[in-house]
Amino acid sequence: MKNISIFLVVFALCMIGNAYGISNPFKGKKTSLLFANSLSHNKWLKVRCKSGDNDVREKYMKPGEHWGFSFHDDVMGETLFWCTMYKGADYKIKKTFDAYVQDKRMPHGGSYNYVALEDGIYHSTLIHRMRKMYDWN
């Protein structure tokens with residue numbers, strides 16, 4: 001009976017918090033992964049991202065298009081999203097990389113930006129300026 005009472009109290013606090021816009025103590029910070037297609041010559045870009053719990057749908061991005069998605073960090077500090085970006089005829093040229101790795105020692109949240117250019121994939125955050133991170137394989 002005691003366990004049920006504890007569960008009901010925690011459940012009620014979560015429901016009240018959601019009703020009044022109070023953040024859920026069981027969710028981590030909200031983070032966004034943002035992608036931009038800056039490939040030349042009207043080339044399309046395909047992006048696919050996954051984590052241990054989520055498989056984000058494939059996105060086909062026309063030239064100049066921006067797209068992204070958001071998620072909350074795991075309270076245990078184990079959130080990881082890896083993404084694959086594809087370009088070229090039949091999307092045969094690709095690069096798979098860790099787009100977000102949660103680190104319990106550092107504050108997270110905000111946005112992680114990835115830009116596809118002909119010579120590689122560039123990355124920036126609110127803290128780090130745009131820099132080349134990966135060559136196409």
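## Salt bridges around Lys132

Asp135 and Lys132 form a salt bridge in which the closest N and O atoms are 2.6 Å apart. The model described here is predicted. Asp135 is partly exposed, its relative accessible area being 45%.

Lys132 also forms a salt bridge with Asp119, where the closest N and O atoms are 3.8 Å apart. This pair links distant parts of the chain: Lys132 belongs to strand β9 (residues 131–134), while Asp119 sits in the loop between β7 and β8, and 13 residues separate them. Lys132 counts as partly exposed because its relative accessibility of 38% falls between the limits of 20% and 50%. Asp119 is likewise partly exposed, with a relative accessible area of 40%.

## Further charged contacts

The count of salt bridges comes to eight. One of them joins Lys43 to Glu118, with the closest N and O atoms 3.1 Å apart. Here too the pair links distant parts of the chain: Lys43 is in the loop between β1 (30–37) and β2 (45–51), Glu118 is in the loop between β7 (110–117) and β8 (120–124), and the two are 75 residues apart. Lys43 is partly exposed at 31% relative accessibility, and Glu118 is partly exposed with a relative accessible area of 29%.

Salt bridges also link Lys46, Arg48, Asp55 and Glu58 in a network. Lys46 has a further contact, with an aromatic ring: Lys46 lies over the face of Tyr86, at 4.3 Å from the ring centre.

## Aromatic pairs and their cluster

A pair of aromatic rings is described by how far apart the centres are and by the angle between the planes. In this structure the count of aromatic pairs comes to eleven. Among them is the pair of Trp67 and Phe69, with 5.7 Å from centre to centre and 45 degrees between the planes. This pair is tilted because its angle lies between the limits of 30 and 60 degrees. Trp67 and Phe69 are both buried.

Tyr100 and Tyr112 form another aromatic pair, with 5.1 Å from centre to centre and 85 degrees between the planes, an edge-to-face arrangement. Tyr100 lies in strand β6 (residues 93–101) and Tyr112 lies in strand β7, so the pair ties together parts that are twelve residues apart in sequence. Both Tyr100 and Tyr112 are buried. One aromatic cluster takes in the residues of both pairs: it is formed by Phe35, Trp67, Phe69, Phe71, Phe81, Phe97, Tyr100, Tyr112, Tyr114 and Tyr134.

## The disulfide

A disulfide is a covalent bond that joins the sulfur atoms of two cysteines. The structure holds one disulfide. It is formed by Cys49 and Cys83, whose sulfur atoms are 2.1 Å apart. The bond links distant parts of the chain, with Cys49 in strand β2 and Cys83 in strand β5 (residues 80–87), 34 residues apart.

The torsion about the S-S bond of Cys49 and Cys83 is about 110 degrees, and the disulfide is therefore right-handed. Cys49 is buried, with a relative accessible area of 0%. Cys83 is also buried, with a relative accessible area of 0%.

How values were computed. Residues are numbered from 1 along each chain as its sequence is written. This is a predicted model: local features need pLDDT of at least 70, side-chain atom pairs count only at pLDDT 80 or more; totals for chains, interfaces and linings use all residues. Side-chain values use heavy atoms; hydrogens and water are left out. A salt bridge is a side-chain nitrogen of Lys or Arg within 4 Å of a carboxyl oxygen of Asp or Glu. Helices (H or I, at least four residues) and strands (E, at least two) are DSSP runs, numbered from the N terminus. Buried means under 20% relative accessible area, exposed over 50%, partly exposed in between (1.4 Å probe, protein chains only). Rings of Phe, Tyr and Trp (its six-membered ring) pair if their centres lie within 6.5 Å; planes under 30 degrees apart count as stacked, over 60 as edge-to-face and the rest as tilted. A charge sits over a ring if NZ of Lys or CZ of Arg is within 6 Å of the ring centre and within 35 degrees of the ring normal. A disulfide is a pair of cysteine sulfur atoms within 2.5 Å.
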